[in-house]
Amino acid sequence: VLALSLGGCTTGRITGDLAAVRRLTNVELPRELDRAEVRDETSAAVREALRRPLTASDAVRVALANNRALRATLRELGIPRGRLLQAGLVPNPSVMVDLRQSTDPTQPLQMDLVVEYDLTGALLAPARANVADAELEAARLRAAGEVVTLGYRVRVAVYRVQAARRRLALARQSLDTLAAARDAARALQNAGNRAPIDLASREAVYERERITVAEAELEALTADEALRRLLGVSGDDTAFTLGEELPSLPEGPRDVSSLERAAIEASFELREARARLEALARRTGLVRARGALPEISIDAHAEQDNQFWEIGGGARVSLPIFDRQQGNLRATEAEFDGLRERYVGMAIDLRSAAREAVGRLRLAHARARQWRDVIAPARARLMEQTQLQYNAMQLGVFQLLTARREQLDA
């Protein structure tokens, strides 16, 4: 009765699974994946969002709705969902009809009717469904991890685009500075006030800087295309704009004293591994049960000789004497032990990565503050003093242009 009710209540739709992923990640996901067919074109809502300048958060929302890899992962929740549905179904009965006609013409046509049912398969249906349910939970956690990973990658991609464009703009300004120095050297040489080696040196530096600008252009192009791939856009939809500059440097890094513990608690990868361990533990129990239980089939049969019916019943039992699922049990136990080792290793690696992230964050913040508060202001003051000396004709144009370029570099 439990198996029959389980098979009747389980649905093949992934609406509940998508809702579970939403609860795990606390983000909005496409709601049409459970019922809509796959379409090649971008949805109208995404195109409307792309017409406005995108912030990093806007870009994440577009990617969550439009990234094809994520949509595929969410749709593929239907695979373990379908396996759960199938695992909870009880076996079909087998019906056999046998007709016999005697060579004696006085004998009537005889018919045998046999209905056979796999009782062991029906009894194990709840256990099979129990295993499939744990595997479905692991798939949900894996999908939730993909959602979080995509959001992180999109934010990083947005910041990389903004940084690459800023570096390109500064590289072009630096190139303009070197062009001015080259032109000044050329004018002085034409006037006979400079040796040819000075112009050759300025031209060489200028041409080398053109390579730097070209590399910055390539970096910006690569960053743009990486973001477009994450957003899942093509054609006219790639003409979106970003609506904000890079955020300013905070005065201090975030409180990361408890990051190691928080990372362990929040890791979807670890939670997925725990769900897979639970599924393997349940599968081990199922294999043990299959090895210990005899395979029992019950049947009812009836024979009709054109006058009377003969009705009876019986059972077929396959005794677990030789094949008790020893090999399958050993394989499942080994798989469980291997995953348990990997789980411990994943936790160790995650703790190490959290500690590394704390160190990198603190050092990066200190380095950025040094550039912002010390080096860049020092270069600005040097540029200001150089400008004053140039205005007083104490320094030449080349010293002024060099100071400007060093300020841009800072």
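Met 393 lies in the loop between helix H12 (326-391) and helix H13 (397-409). In this predicted model, Met 393 has a phi near 60°, a positive value in a residue other than glycine. That is worth a second look, since most residues other than glycine have a negative phi. With a relative accessible area of 76%, Met 393 is exposed.

Thr 25 counts as buried, because its relative accessibility is 13% and buried means under 20%. Leaving aside residues up to four places away in sequence, Thr 25 touches Ala 144, Val 147, Val 148 and Phe 268.

Val 147 turns up again in the packing of H5 against H8. On the H5 side of this contact are Leu 70, Thr 73 and Leu 74, and they meet Ala 143, Glu 146, Val 147 and Leu 150 in H8. Sorted by class, the contact has five nonpolar residues, one polar and one charged. As for geometry, two packed helices are described by the angle between their axes and the distance between the axes. The axes of H5 and H8 come within 10 Å and cross at roughly 165°, so the two helices are roughly antiparallel to each other. The crossing of H5 past H8 is left-handed.

Helix H6 (residues 78-87) also packs on H8, with axes that come within 8 Å and cross at roughly 170°. H6 is therefore roughly antiparallel to H8. From H6, the residues Pro 80, Arg 81, Arg 83, Leu 84 and Ala 87 take part; their partners in H8 are Ala 125, Arg 128, Ala 129, Ala 132, Asp 133, Leu 136, Ala 139 and Arg 140. By class, the contact of H6 with H8 holds eight nonpolar and five charged residues, with no polar ones.

The buried residues of H4 are Ala 56, Ala 59, Val 60, Val 62, Ala 63, Leu 64 and Asn 66. An α-helix has 3.6 residues a turn, so residues three or four places apart point the same way. The cover over the buried residues of H4 includes helix H3 (44-50), helix H5 (68-75), helix H8 (125-190) and helix H9 (196-231).

Strands of a sheet pair through backbone hydrogen bonds, either parallel or antiparallel. Here E1 pairs with strand E2 (residues 110-118) in the antiparallel sense over seven bridges. Along this pairing, Met 96 stands opposite Val 114 in E2, and Asp 98 is opposite Asp 112 in E2. E2 in turn pairs with strand E3 (residues 295-304), antiparallel over eight bridges. In that pairing, Val 115 faces Ala 300 in E3 as its opposite number.

Key. Residues are numbered from 1 along each chain as its sequence is written. This is a predicted model: local features need pLDDT of at least 70, side-chain atom pairs count only at pLDDT 80 or more; totals for chains, interfaces and linings use all residues. Side-chain values use heavy atoms; hydrogens and water are left out. Buried means under 20% relative accessible area, exposed over 50%, partly exposed in between (1.4 Å probe, protein chains only). Helices (H or I, at least four residues) and strands (E, at least two) are DSSP runs, numbered from the N terminus. Contact means heavy atoms within 4.5 Å. Two strands pair if DSSP finds at least two bridges between them. Axes are lines fitted to C-alpha atoms, for helices over the stretch in contact, and angles run from 0 to 180 degrees between N-to-C directions. Angles under 35 degrees count as roughly parallel, over 145 as roughly antiparallel, 65 to 115 as roughly perpendicular and the rest as oblique. Ala, Val, Leu, Ile, Met, Phe, Trp, Tyr, Cys and Pro count as nonpolar, Asp, Glu, Lys and Arg as charged, and the others, Gly among them, as polar. A crossing is left-handed if the near helix is turned anticlockwise from the far one by less than a right angle, and right-handed if clockwise.
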